[in-house]
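Please have the sequence and the model open while I talk.

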Amino acid sequence: MEDLHLPDCSALISTGLDEDFAYGPDYTSLATVPGEARCTAEFTAREAGTIAGLGLIEQVLDATAQRLSQWGVVTGPTLADAPTPTITLHSTDGDRVTPGQVTATVQAPTLLVLAAERTMLNMVSHASAIATQTRRWVDAIAAAEDTGTPGSVKQAQVRDTRKTLPGLRALQKYAVRAGGGANHRMGLGDAAMIKDNHVLAVGGSVATALRRVREHAPDIACEVEVDTLDQLDEVLPLHPDMVLLDNFALADVHTAVHRRQALSPTTALEASGGLQLENAGEYGTSGVDYIAVGALTHSVRVLDIGLDFS
């Protein structure tokens, strides 16, 4: 599994709190909860999945405490004496969870927990949804390999794309790693990616596009998207770092793997387009190095996680 160092989500957290506090403080809680009240709250999975983003709990609580201080909200005998929350994690990002499983426990001022609740749940539930979806793809490929799928050469890694929501990319891609997947480019400048529109811009030759990228940025890894086996044959003699097989039928993927082995064995292959969880095993054991799945980030449903006082 790739590095699971949680990215800096301070700007994302700030945006979430800006939305919740846009019209004033939490009047409901201020009217019903004494300032000195403390609670024990549990983050509980309400369905099976893979957890991710638990480190955000502390970050959101810290940021929310600062907001409450700005509003003059007292969460202890005085503002200066507000007790520090105690957070106990019962799971680690990347762990599988079952319905009813408590993943984290928070002991903190009740006003603080209520003010931070929605931002914490939104972020952890979304990250966990992506980790859960990624794990499904990883498991599908592993299961196909175990059963000896015909043509199996290696187990491909599941990779994401840049189909992420603005502001959420670092967290979404972290969640992919938590689910056992790997990351594609984080932005436009950490690798080159020649797509069909770039090929059209240079007159229709994928080889010409690759040569120009190498001339312009010789030290940058370059991936080339091809739509046909003819384009693959055109580019393989130039030994690109990676070739993306876009919308290739499975039989053509097998052909591409054989041609790669013959013409440029150091070139990695990635299958993309038209992939479904149902055929992940076949593509993932076809001999390609990666399968790219945009749905990991752009089409997930949140993992149902509750925050319950005990």
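On disulfides, taken as pairs of cysteine sulfur atoms within 2.5 Å, the count comes to zero. What we are looking at is a predicted model, in which local features need pLDDT of at least 70 and side-chain atom pairs count only at pLDDT 80 or more, while totals for chains, interfaces and linings use all residues. Residues are numbered from 1 along each chain as its sequence is written, and side-chain values use heavy atoms, with hydrogens and water left out.

Are Cys9 and Cys39 buried or exposed? Buried here means under 20% relative accessible area, exposed means over 50%, and partly exposed lies in between, with a 1.4 Å probe and protein chains only. Cys9 has 4% relative accessibility and therefore counts as buried, and Cys39, at 10%, counts as buried too. Across the chain, 50% of the 310 residues count as buried.

Now to the core. A nonpolar core is a set of buried Ala, Val, Leu, Ile, Met, Phe, Trp, Tyr and Cys residues joined through side-chain atoms within 4.5 Å, and the largest one has 78 residues, with Phe43, Leu171 and Val288 among those having the most contacts inside it. Its largest share, 15 residues, comes from helix H4, residues 110–146; helices (H or I, at least four residues) and strands (E, at least two) are DSSP runs numbered from the N terminus. Val288, leaving aside neighbours within four places in sequence, is in contact, meaning heavy atoms within 4.5 Å, with residues including Lys154, Leu245, Leu269 and Tyr283.

Helix H4 also holds Gln133, which, at 18% relative accessibility, counts as buried. Beyond its neighbours within four places in sequence, Gln133 is in contact with Ala295, Leu296 and Val300.

Helix H1, residues 10–20, has Leu12, Ile13, Gly16 and Leu17 as its buried residues. These cover an arc of only 135° around the axis, taken from the directions from the helix axis to the C-beta atoms, which puts them on the same side of H1. The face turned away from that buried side carries the exposed residues Ala11 and Glu19. As background, an α-helix has 3.6 residues a turn, so residues three or four places apart point the same way.

Finally, the overall layout: the chain comes to eleven helices and twelve strands, and its C-alpha atoms fill a box of roughly 75 × 45 × 25 Å along the principal axes.
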